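Dear colleague,

Here is the structure I said I would pass on. My notes on it follow below.

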Amino acid sequence: MGTFKDFIVKMLFFTEPEQKSDFFLKENAFDKWMNRNSETYGNKNIENANMENENTENVNDGENPSDIENEEVERHKNKIKQPKEIKKRKKDLDLKGSDKPGPNVYNNIEENLNYIKERYSSSINGDFIIREFDIIINKTPVRAFIIFFDGLVDRTTVNLNILQPLMLLSNLDIKSDEKDLVEYVKRHLLPQNQLIFTKKMQEVVDGVNFGGCGLFIDGVDIALVADVKGWEHRSVEKPTTELVLRGPQESFNEVLRSNTALIRKILKDENLICEDIIIGIRSKTPCSMLYIKDIVNNALVEEVRRRLKSIKIDYLMDSGELEQFIEDRPFLLTPQVSYTERPDMVAAALADGKVAIVVNGSPFVLLMPVTVPVLLHSNEDKYVRFPYANFFRFVRYLGITMSIFLPALYIAITNFHQEMIPTDLLLAIEASREKVPFPSLIEILLMEISFELLREAGVRIPGPIGPTLGIIGGLILGQAAVEANIVSPILIIIVAVTGLGSFAIPNFALAFSFRIIRFAYIILASLSGFLGITTGIFLHLVILTSSKSFGVPILAPIAPKTATKADDSLMKKPVWQQERRPDYLNAKDDIRQEKFTRKWEKK
Amino acid sequence: MERITIGRWESISLLVMMINLQIYLNLPRVLAEDAGTAGWIQIAYSTVLILIIFTALSLLYSKFGIKDILDVSNMVFGRFGEIITGIILILYLFFAVSMVLREFTENVKIISLTQSPISFVTSFFIAGITVGAYFGIQAIARVAVLMVPVSVLAHFIILAASSQYFEISNIMPILGNGIDAILINGVEKIAYFSSINTLFIFSPFLGNKKNLRRVGYISIILAGFFMVANTLAYLLVYPYPAATENFLPIYQLAKLVNYGRFFQRIESVFVLIWAMTAFLYLSFVFYLIIHTFKKTFRLKYQRTLIPVFAVLTFTVSMLPQNLVSAIEIETKYFRLVGLSVLSMLLFLSAAGNIALKIKKKRGNV
């Protein structure tokens, strides 16, 4: 990735890029193999589904394609049993933890107790609880203790499902020939649905730190961790940043499993895979990578997994941080990963063949890959009829265009291309600017910066004094600035319309990028009018067209042009005509619905 | 190692935009000077001629797959031949980029930046082509895809809006300066399609040899259509003597757009589209210079060449004293150079075929 300094040096001295092969999402040999065996997978449509486009692609060079294909086919044949592999990996991760560093669980309970006390600094750690007790096994008391964090666990569950059975029910006459102590506890004493058995102390510590309850028994070098999470959290509420008039009114909260359940609740598909990945050496933040295994392109899943696993940081707080770690070009203004707080949007993206990442503690789920046309879609577009959606989109595009170009066009026209302004309007503008002492560039920069300040203050200001901001903005920056002859009234209109346009951008991150770029266009327009604006557009487009999000060109399906049978890119087709999944995702199964879905219309 | 390819539609967009740049420079006026009121027939004739030449060229070239002309010259004349061909191509592209840069800069200066020094205006184009070449052929081709609809819309707006001034008597006599002028002078007008030469330089990027022929035909036909339509509209609006005097023919046409009291004098808006076309032309040709230089001299890297060639392009574009001398150089030499390179392509393709046959014979013996 390199530092900012490296980036500047590269740009200034035209340094050749490192000789590396960029990841490009394309049909891989595994997919071809799948296609050839499509009937095995009950999907006859796959054969027709791939590479219909004539889009730009990177092709492998130098090696015999058939060899590569055979190798890949062999390699990927095993991956077909992915669910089992995942299961195995999960088992390795959760039950054994053999690769974990640190000491093993001791046979002696005193040693275990001392180790835990020291590890958790129990003498000063107020919320760390150690509860010692005896378990009656064959009428013999056996020493044991449990550990947990107060507040992280559900107290009732600990009392009723762990302590009560171990302390009281163990006295009952249980009919069992089980000799192994751990097996006995597991089979007869702990009515707990999620139990981890481990020999590694680190595994116990990780479980307890994430709302588990660790159980140590004397004479056994295995510890048990029961999942008894029960911390306070927000319930599922209405979305706050992605409101819609029509469509589901649920949003994610900060709990990983609630969030994955919200998605699963919508999709109800056993092929929806929820792969757990831990990120953060210290924070051990649980994340889930979600995808529908028989739709998504395997290369995409591999790439996302590779990027996630390569992150080595101490703490991961939020999905916003994670986004910055996995995006393709950190210095590109345009976002390369999208995020949403709406489960329905995640479900729709997964159904298209995208990958989602849920981060514990974040109510925003990441979606990838992303393209600019998709970022311009509102959540509501899916749920309203296509003429309305297209009208909204048209208004939105107009707003976006105005938010980027209007101030720059004002500068260009008033300074360089006055002949374009009709005489009446020209006179009106001149009359309004007569007493303004500043050139129009200073005038517009003053107002734009004031507007940005207002917007920033609006986000930070505490709720009760919010209305004050409106008064300051409207009265002081608007009316007073005009009356003081600092700016002309027409400029207030320009800035206001620009602001309105920028609010019409559905994606907040994209709106940010446009807000910054707007200033570049203003400067360019002040230098050379329309030529400056054209220079800006050209540079902007060249940078955008060369950018990718997880191997997908960020302007797809427009540049490069890909097959349009899934067309919901710029304008929305009627929903019954959207028969294909987006071509640029190269999904395994790109047929979304049958060609003629309104069968009731047939005689 | 990854190899970059560009799609069919992207290549077509790029070539159409490149050929059509001539419309914005001075094509309609030159045609009016040459063939009189039959300028539009002359360019239609040239389109047919270039189609025939391209057919011959692509047939000769069909055995070379997606090899570029440097590979073909290497095959025929060895490494020395490749270097000579490379140098000729670099000089041709360099000449094209410098001349178009100067002419276009002068045009922009006349239209909207009358007070600015020419070097200031040129620096914007240099910045654009430098960044374009840095990000490569894929990015430039994709921008062309985005700009083609806008450019086509602009063409139609100008044609539709100027249609109120169409006067059929302006294109009478229909054969203008005579059939001889059309047929004989029309041959050299195929030089306006000389951007098609670049197809044989960037052919390896097409990825598929079938694309080469399709891209060529569609580009020529589309560009020819726009050339004919614009020239016809220009000649329909301006009577013959006036048509030979406008330095910026299409700008003059756009200047006439006038609907009501409010919708008038919008010609500056077209600067956006024209400048974008120029950016695409210049950055693409500039990229090809860098690419050809790298390939000819078998260099490992090409981005390091960008600043050097940018400074050279800037300097060479400053050589003509003014717009008139720039146009003079262009009309005198540019067509000649374009035609020469086209002939060189034909020659090398024919020689390549002969070389292949000889090789085959020797192999059989």
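Pro560(A) sits in the segment after strand E13 (552-553) of chain A. The peptide bond that joins Ala559(A) to Pro560(A) is cis, with omega about 10°. Please keep in mind that this is a predicted model. Chain B has a cis bond from Met172(B) to Pro173(B), with omega near 0°; Pro173(B) is in the loop between H6 and helix H7 (179-188) of chain B.

Most peptide bonds are trans, and most residues other than glycine have a negative phi. Ser121(A) is in the loop between helix H6 (109-119) and strand E2 (128-137) of chain A, and it counts as exposed because it has 9 C-beta neighbours inside 10 Å. Asn485(A) is in the loop between helix H18 (466-483) and helix H19 (489-503) of chain A; with 14 such neighbours inside 10 Å, Asn485(A) counts as partly exposed.

On the interface: 46 residues of chain B are in contact with 38 residues of chain A. H5(B) gives the largest share of the chain B side, 8 residues. That side divides into 27 nonpolar, 11 polar and 8 charged residues.

The largest nonpolar core has 204 residues, and Ala356(A), Leu280(B) and Leu282(B) have the most contacts inside it. H11(B) gives the most to this core, 19 residues. Beyond its neighbours within four places in sequence, Leu280(B) is in contact with residues including Leu14(B), Ile140(B) and Met147(B). Another core, of 28 residues, lies apart from the largest one and includes Val105(A) and Leu215(A).

Regards

Methods. Residues numbered from 1 in each chain as written. Chains lettered and ligands numbered in written order. Predicted model: local features only at pLDDT ≥ 70, side-chain atom pairs only at ≥ 80, totals over all residues. Contact = placed C-beta atoms within 7 Å. Helix = DSSP H or I, 4+ residues; strand = E, 2+ residues; numbered from the N terminus. Nonpolar A, V, L, I, M, F, W, Y, C, P; charged D, E, K, R; others polar. Core = buried A, V, L, I, M, F, W, Y, C linked by C-beta atoms within 7 Å. Buried ≥ 20, exposed ≤ 12 C-beta atoms within 10 Å, placed from the backbone.
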